[in-house]
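Please read it alongside the sequence and the coordinates.

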Amino acid sequence: MTRKTLLGVLGGCLFCACGTPVRDSVVLVADSIRTVRIDRDTPTLPIDRIVRHARYIRLETGRQSLVGQPTRMLFADSLVIVVDNRYSPRVVAFGLDGRYRCTYGVFGRGPGEYSELGWAALTPDSERLVIADYAAARYHYYHIDGTFDRSIPLDWRGCSFEFLTPDSIATANFGPVYLTGKGEQTGMLVLSDLRTGEGSQAFPYLFTQRAMPVNPTGGLCKYGDAVYYIPLLNDTVYRVHPDRMEALYAVDVAGIRRPGYEATAEVYMDFIDKNPCFNGNFVEADDFALFGMYAPSRPVLYDKKRGRSYRIGLPERDGLCSFFRDGYILTRRGRGTVVVEMSAAAVLDRVSRMERPLAPEVQALVEGLTEEDNPVVFCYDIVPPES
């Protein structure tokens, strides 16, 4: 998220937060919350010391497969599904070899066509991709090979959604969640039944119970069967269950307190420019969790077995780990593979500043690559340090 975009989002969110707090009706569990402590004694690890294996996928560039900037990346079987709802916009599937496989839907108003490309998510069995068409108030289901399956009514408009079960979803938004034809829902997060269209508010504007207060803005992500909710102006990560919210992680940066809800967007932007704090990018794997950070924009690794935190630093030598994006973690594949993307232009710019001769794997990466090509996907198998 760019600084300009974040400023606009914060302005709207802080405005919404001024409303009257709403009574919460969903249980918030915080008994097993882990504190991710970051202070001056937190050690820094070069990224190439915790990556067991690094590889890349050069996405094939073509008329049907051209994407500007991936906003989501999903993995199903041997496919990597790229969602670009900013520049292209389109949803495209590539093989793990980078070759184009299929496109999910096109703009239009006919069967299988969408008039607005919103969020996209996989069903729990990973056999269908679902696109939210907010303008038409429909969810469009596609088989994983790209063929259209069916559409169902969309009762809740938000910025993101994830499946909790095959027939229920969580919907979140930057501000209130809207009901199609029914006005505004005061809660930030809504859990809904796709069979009946009924939904329930899961969070109020402000709420505190053995965890940090929740602000009415945030996003959803999913790893494996778990759905996570991450408030933007907050340092807590929650897991969403059909009947409760579970606080999992609290990021504690020594000596740092975020501005209160009465702060302006400009005050908040000045704060994150000058202070280290959680930026909302989060990935959980079997043995670790990663937290993106502002100022400096280096992610923090939390070793779940040892309960220790580590800053991730620059690699000790030029190689594929040099393309691990600072502070921006896209997703996870498998049990412990972290996935990020980088534009072809950014890859070439970084390579231009590397010492010669280039490492063989870097030379192979840029062979024939041009600035107009599709982004490159980098996969890193991360293993927490031994001690």
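**Cavity and overall composition**

The count comes to 1 cavity of 30 Å³ or more, a cavity being a set of points, on a 1 Å grid over the protein atoms alone, where a 1.4 Å probe fits but cannot get out. The model is predicted, so local features need pLDDT of at least 70 and side-chain atom pairs count only at pLDDT 80 or more, whereas totals for chains, interfaces and linings use all residues. Residues are numbered from 1 along each chain as its sequence is written, and side-chain values use heavy atoms, with hydrogens and water left out.

- The largest cavity holds about 50 Å³ of space, where volume is the space filled by probe spheres set on grid points joined across faces, edges and corners.
- Its lining (residues with an atom within 4 Å of a point) consists of Y139, P153, L154, D155, W156, I169, S192, D193, L194 and G197.
- The protein has 4 helices and 32 strands, taken as DSSP runs (helices H or I, at least four residues; strands E, at least two) and numbered from the N terminus.
- Of the 387 residues, 54% count as buried, that is, under 20% relative accessible area, with exposed meaning over 50% and partly exposed in between (1.4 Å probe, protein chains only).
- Among contacts (heavy atoms within 4.5 Å) between residues at least 6 apart in sequence, 55% join residues at least 24 apart.

**Nonpolar cores**

- In soluble globular proteins, nonpolar side chains tend to be buried together.
- A nonpolar core here is a set of buried Ala, Val, Leu, Ile, Met, Phe, Trp, Tyr and Cys residues joined through side-chain atoms within 4.5 Å.
- The largest core has 53 residues, and F282, F291, F323, V347 and Y380 have the most contacts inside it.
- Strand β27 (residues 288-294) gives the most to this core, with 5 residues.
- Leaving aside residues up to four places away in sequence, F282 touches C221, Y223, Y228, I230, V237, Y249, A289, L290 and F291.
- A second, separate core of 17 residues includes V91, A93, A120 and I131.

**Strand pairing around β29**

- Strand β29 (residues 308-313) pairs with β3 (residues 44-46) in the parallel sense over 3 bridges, pairing being assigned if DSSP finds at least two bridges between two strands.
- Strand β28 (residues 300-303) pairs with β29 in the antiparallel sense over 4 bridges.
- R311 in β29 stands opposite T44 and is also the bridge partner of V300.
- The hairpin of β28 and β29 has 4 residues between the strands, and G307 takes a positive phi near 65° there.

**Helix α3**

- A344, V347 and V351 are buried in helix α3 (residues 344-352).
- Seen down the axis of α3, the buried residues fall within an arc of 60°, so they line one face of the helix; the arc is that of the directions from the helix axis to the C-beta atoms.
- These buried residues pack against β31 (337-342), α4 (360-366) and β32 (376-382).

**Backbone exceptions**

- Most residues other than glycine have a negative phi, and most peptide bonds are trans.
- The peptide bond from R356 to P357 is cis, with omega near 0°, and P357 is found in the loop between α3 and α4.
- S126, in the loop between β11 (120-122) and β12 (128-133), has a positive phi of about 60° although it is not a glycine.
- A137, in the loop between β12 and β13 (138-143), has a positive phi of about 55° and counts as buried at 19% relative accessibility.

How values were computed: On a 1 Å grid over the protein atoms alone, a cavity is a set of points where a 1.4 Å probe fits but cannot get out, and a pocket is an open set with protein on both sides within 12 Å along at least five of seven lines; lining residues have an atom within 4 Å of a point.
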